[in-house]
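Trainee: May we go through the helix packing of this model, together with the confidence attached to the prediction?

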Amino acid sequence: MTQTIIIALAVFIVVLTVLSIYGVIPALRIVPDDTKFDFMRFRRISFPISALLSLLAIGLYFVHGLNFGIDFKGGTLLEIQTKSGPADIAALRAQLTTLNFGDVQLQQFGGPSDVLIRIAEQPGGDQAQQAAVQKVRQLLGDSVEYRRVEVVGPRVSSELLAYGTVGLMLAIVGIFIYLWFRFEWQFSLGAMIANVHDIVLTLGFMSITQIEFDLTSIAALLTILGYSLNDTVVIYDRIREMLRRYKKMPMTDLLNHSINSTLSRSIITHVTVTLALLALLLFGGKAIHSFAATMTFGVVLVGTYTSIFIAAPILIYLGVGENRGGEDKPSKP
């Protein structure tokens, strides 16, 4: 069934593409060519709001903290499915309490018989963690089916957190260097500020919602960086082209023209990515829930906003276009 649907969609897309190439179907224009929306007038609002939200997100991070998963704080995770019907969470919690493991969390997810058990890190290292798993198996016996068992020791969890943080910082530095060579230092600095803004707000979102922060969350943050950078580079490339062509156009008009000329592409990309992320969020299951939720917030609500209302107007304050000289070049027919 799935293969049939995929083949049908592929054939449908090919037919639409061919009909569009031969002019049978008119080209779809999401945004008219003569759009002249004034984005730059919002910069006096977007900057204070973004600064306030960033400070709030930083405060949440230090006060409320993140809900670190097993990957980063160590412990044991068991995913079970009861065989006798819907799981009785209260009864399972009462049973596990008798083992004296300390902090034990039970969470129902997916179907009514699916339960996620998190056991805090046990003193005694990896052997103690494995012993805890065996005790749980002995207690629950054959009444449940074990879908997944993960054990992460304290040393491994601290290394994973350190490596994840270093990887994120290296990605931001790499983006800064890449854009410095491709454009100018002002563009590079503007993109880096925008990327840090995305990461800070996303961490604030994860702190206030207490979405589990695990290795998939690191992957989500890196993906958000890449998506936001891609959107920003498209706009920056058009800005650079406009700077070479128009020597006397005011910088605010030039930035508005650049954003409007790429707006159709941004909307189509944004809507497509949003639909894919919503599918992952709604139907992807517990295993990728933190990844999908983080991506949905970072891409849908933050990434595109940052590219248009932060990365582009910040070039004005960084002095881009101040030393232009010469005459405007005629537009290409």
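**Helix packing around α7**

Mentor: The axes of α7 and helix α11 (residues 289–311) come within 9 Å and cross at roughly 145 degrees. Axes are lines fitted to C-alpha atoms, for helices over the stretch in contact, with angles from 0 to 180 degrees between N-to-C directions. Helices are DSSP runs of H or I with at least four residues, numbered from the N terminus. The model is predicted: local features need pLDDT of at least 70, side-chain atom pairs count only at pLDDT 80 or more, and totals for chains, interfaces and linings use all residues. Residues are numbered from 1 along each chain as its sequence is written, and side-chain values use heavy atoms, leaving out hydrogens and water.

Trainee: Which residues of α11 meet α7?

Mentor: On the α7 side, the contact (heavy atoms within 4.5 Å) includes G190, H197 and F205. Their partners in α11 are A293, T294, F297, G298, V302, G303, Y305, T306, I310 and A311.

Trainee: Which element has the highest mean pLDDT?

Mentor: pLDDT is the predictor's confidence in each residue, from 0 to 100, and the protein chain averages 79. Helix α3 (residues 70–73) has the lowest mean among the elements, 70. The highest mean, 90, belongs to helix α2.

Key
Helix = DSSP H or I, 4+ residues; strand = E, 2+ residues; numbered from the N terminus.
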